[in-house]
Amino acid sequence: MKNITIFLFVFLIAVVKAQTVSDYKYIVIPAEFNDFKDNKAYGLGNLLEKSLKAKKYTVLPATKNEWPSDALMNPCGILNAELLNDKSMFRNKLILQFKDCSNKVIFTEKGNSRRKEFGAGFQDALKQTLVKIPVSNPTTIVSKVAETTSTEPFKKQLQGSKEAILQTS
């Protein structure tokens, strides 16, 4: 019974601490997707940008000199969008991924289309994946620098505890 309680407690903490796409305000869309090179992006970048803006995300360009100051101060509060071509013979398939600052995948969704034309087929597949993305509801994401706390109060408390133990013995 004790093991089950501990397991449930750890599981609940993991669920509560898990990040979702809606926790972020900023999303970076690259100028060119790696799997769609040679000017064959089929308008996917524009479609992705318009859809994310409609869901109240702030879309940032790939160059950092155009970012707002709060995005520059906290780069871990930004997701990176990535579109992957999931090649298939009779369908146009793609995978939409959002990664955080440590390159950990936060969200993955697959989409496919039976349309024969690549442009229309990939756009249709992307529209299927965008349906699953929730509306932006950003939470305060503490930057990794702010997570480190000063150890001075703990050292003073520890030293006071040592002195109290030495006086009682």
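How many aromatic pairs does the structure hold? In this predicted model, the structure holds four.

**View 1. Y42 and F122 form a stacked aromatic pair.** The ring centres lie 5.4 Å apart. Y42 sits in the loop between β1 (26–28) and α2, while F122 belongs to helix α4, so the pair ties together parts 80 residues apart in sequence. Y42 is partly exposed, at 27% relative accessible area. F122 counts as buried, at 4% relative accessibility. Ring pairs also bring in F118, linking Y42, F118 and F122 into a cluster.

**View 2. Five strands make an open, mixed sheet.** The strand order is β2-β1-β3-β4-β5. β2 (58–60) and β5 (105–113) are the edge strands. Each has a single partner strand, so one side of each lacks a neighbour in the sheet. On average, neighbouring strands are turned by 25° against each other, direction ignored.

**View 3. β4 and β5 run antiparallel.** β4 covers residues 92–99. Eight bridges join β4 to β5. Look for F98: its bridge partner in β5 is F107.

**View 4. Helix α4 lies across β3, β4 and β5.** The helix spans residues 118–130 and runs at about 45° to β4. α4 has 13 residues. From first C-alpha to last, α4 reaches 18 Å, close to the 18 Å expected at 1.5 Å a residue. Its buried residues are G121, F122, A125, L126, T129 and L130. An α-helix has 3.6 residues a turn, so residues three or four places apart point the same way. The buried residues of α4 pack against α2 (44–54), β3, β4 and β5.

**View 5. The largest nonpolar core has 25 residues.** Which of them touch the most other members? They are V21, L48, L52, L83, F98, L126 and I133. α2, β3, β4, β5 and α4 each supply at least two residues of this core. In soluble globular proteins, nonpolar side chains tend to be buried together.

**View 6. I133 has contacts with residues beyond its sequence neighbours.** Leaving aside neighbours within four places in sequence, I133 is in contact with V21, L52, K55, Y57, L96, F98 and F107.

**View 7. A second core stands separate.** This core has six residues. Among them are V28, W67, A71 and I78.

Technical notes: Residues are numbered from 1 along each chain as its sequence is written. This is a predicted model: local features need pLDDT of at least 70, side-chain atom pairs count only at pLDDT 80 or more; totals for chains, interfaces and linings use all residues. Side-chain values use heavy atoms; hydrogens and water are left out. Two strands pair if DSSP finds at least two bridges between them. Helices (H or I, at least four residues) and strands (E, at least two) are DSSP runs, numbered from the N terminus. Axes are lines fitted to C-alpha atoms, for helices over the stretch in contact, and angles run from 0 to 180 degrees between N-to-C directions. Contact means heavy atoms within 4.5 Å. The expected span of a helix is 1.5 Å times one less than its number of residues. Buried means under 20% relative accessible area, exposed over 50%, partly exposed in between (1.4 Å probe, protein chains only). A nonpolar core is a set of buried Ala, Val, Leu, Ile, Met, Phe, Trp, Tyr and Cys residues joined through side-chain atoms within 4.5 Å. Rings of Phe, Tyr and Trp (its six-membered ring) pair if their centres lie within 6.5 Å; planes under 30 degrees apart count as stacked, over 60 as edge-to-face and the rest as tilted.
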